[in-house]
Amino acid sequence: MDGHGVTRRRLLELGGGVTAASLALAAGPAAALVQSRGGARAIGQRMPQGAELPATPPRRKRADSVGFAIVGLGGYALNQMMPRFAEAGRAHIAAIVSGNADKLARVGDAYGIPQNARYSYETFGNIASDRRVDAVYIVLPSGLHADWTVRAFAAGKHVFCEKPMALSSAECERMIAASRRANRKLMIAYRSHFEPHNLQAMELMAQSAVGRTRLLRTEQSYRMSPTSPRENWRVNRALAGGGPLEDLGIYGLQAALYLAREMPESISASTFRPAGDPRFSEIFASVASQWRFPSGAVAQLATSYDSAGTNFVHVRGTDGALIMDPATNYSGQRMRLEGRDRREIEAGDPLVQFAGQLDHLADAIRDGARIRTPGEMGLRDLRLIEAIYASAASGRTVGLKPDGTVRS
Ligand code: NAD
């Protein structure tokens with residue numbers, strides 16, 4: 001195993017929650033999302049609604065293409081990311097991992113995955129000796145990212161981990177430490193860093209296209225259908241943390257940072273959770289925060305699972321404004337500059353963001369290119385999320401150190 005020897009810690013990390021997962025799988029598709037004792041576990045779920053499988057498997061294009069194992073065959077993996085491997089130049093699907101045997105067979109057949117490259121959560125550890133797999137893509141519920149990232153590093157693989165990186169800064173630090181121990185790359189799937197409108201917005205802000213930044217506003221929301229923590233991991237605290245902020249609001253948080261181009265020095269926040277609504281028995285319905293930056297700019301960020309859908313980012317400076325609406329969707333981005341240089345900006349096809357991430361990690365693995373969205377960025381964001389919750393819980397403004405941790 002990559003010259004580090006098989007330590008006791010590595011064996012434990014590789015093993016994960018095997019017994020619990022197999023017990024839950026045996027309980028069938030209606031099995032609970034979270035094991036009652038011992039916290040969150042990876043548990044097989046049924047095929048997501050509306051999942052479309054390819055008629056012909058995507059082809060591997062280059063000899064040095066990076067082989068990915070996809071861990072978790074849910075809605076985002078099956079409907080967004082896996083089809084996009086067809087557009088990647090240097091990345092291909094080498095293996096799949098699922099707790100549902102039927103889904104494993106159907107997806108494996110459609111994507112042309114050999115039988116012996118189809119893993120269950122129980123057999124995942126065997127991936128360590130599978131030379132076809134270079135990187136593991138963790139696309140499980142967010143509360144499982146940390147444990148499965150650590151297991152993938154223990155297997156000697158690179159990791160591409162979905163957002164949010166994890167549910168606490170302590171988990172992020174554990175993931176970064178595991179990456180260093182294994183001497184393997186860790187990339188967080190912040191797709192907006194590969195989306196042409198967001199990239200151009202970063203460029204415009206670097207050129208002071210709206211003058212000196214004064215106000216930022218971001219809003220990401222949708223209205224969630226009736227559900228409960230037993231049925232839906234997104235409203236289950238162990239798997240989703242506080243809810244909309246980690247899932248949707250993180251796009252606004254990211255945009256505020258890459259457009260302001262500085263870290264906030266203080267945050268004040270509030271959360272709201274209606275009584276008697278099973279959707280919000282464990283998570284917040286809405287989270288709003290106000291940030292002050294050292295330059296004097298201020299930002300307002302709001303996110304909700306209980307208001308009509310929106311996804312916008314506004315930046316207002318001394319000389320104009322940059323309006324992105326929708327700002328960070330899968331597709332359909334619109335962006336305009338107002339002020340001295342008023343114009344609509346058509347930056348390119350947002351769809352390139354998906355395969356762009358895959359090729360970026362492949363370049364980092366093969367050529368040592370610097371990762372644009374490393375684990376340290378995910379850690380920074382979880383520190384800010386913790387600061388938002390700390391402010392909301394105390395009802396006070398919290399001061400921040402430059403790395404995003406709360407000043408005591
Ligand atoms: P999903 O519910 O559609 O799929 C989750 C999958 O994880 C399930 O199908 C199942 O295969 C597996 N799983 C294993 N253990 C589970 C458990 N205990 N409970 C529920 N599922 C379990 O969710 P999704 O929308 O595919 O989200 C997965 C991850 O991808 C999340 O971290 C989410 O934040 C991220 N995501 C990112 C984007 C993006 O634009 N980057 C979009 C959607 C989701």
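**View 1. Helix H5, a mostly covered helix.** Helix H5 spans residues 145-154, and nine of its ten residues are buried; buried means under 20% relative accessible area, with a 1.4 Å probe and protein chains only. Among the buried residues are His-145, Trp-148, Arg-151 and Phe-153. Just after H5, look for Gly-156, which takes a positive phi of about 80°. Helices (H or I, at least four residues) and strands (E, at least two) are DSSP runs, numbered from the N terminus.

This is a predicted model, in which local features need pLDDT of at least 70, side-chain atom pairs count only at pLDDT 80 or more, and totals for chains, interfaces and linings use all residues. Residues are numbered from 1 along each chain as its sequence is written, and side-chain values use heavy atoms, with hydrogens and water left out.

View 2. Arg-234 has a side-chain N or O atom 2.9 Å from a ligand oxygen, and for Lys-103 the distance is 3.2 Å. Taken alone, the ligand exposes 830 Å², and the protein buries 91% of that; these accessible areas come from the Shrake-Rupley method with a 1.4 Å probe.

**View 3. The shell around the ligand.** Here 26 residues surround the ligand, and the closest are Leu-33, Ile-43, Gly-75, Lys-163 and Arg-191; a residue counts as near if one of its heavy atoms lies within 4 Å. What kinds of residue make up the shell? They divide into 14 nonpolar, five polar and seven charged, with Gly placed among the polar ones. At least three residues come from each of domain 1 (17-186) and domain 2 (193-348 + 373-399), with bounds from an automatic or database domain assignment.

**View 4. An open sheet of nine strands.** Follow the strands in the order E14-E13-E12-E11-E7-E10-E9-E8-E15; their pairing is mixed. Strand E14 (343-344) and strand E15 (398-399) stand at the edges with a single partner strand each, so one side of each has no neighbour in the sheet. Strands E7 (residues 213-223) and E10 (residues 298-304) run parallel, joined by seven bridges; two strands pair if DSSP finds at least two bridges between them.

**View 5. Strands E1 and E2 side by side.** In strand E2 (residues 91-97), seven of the seven residues are buried. Strand E1 (residues 66-71) pairs with E2 in the parallel sense over six bridges, and Gly-67 stands opposite His-92 in E2.

Definitions and conventions: A polar contact is a pair of N or O atoms within 3.5 Å; within protein, one must be able to donate a hydrogen and the other to accept it, and residues adjacent in sequence count only if both atoms are side-chain atoms. Buried means under 20% relative accessible area, exposed over 50%, partly exposed in between (1.4 Å probe, protein chains only).
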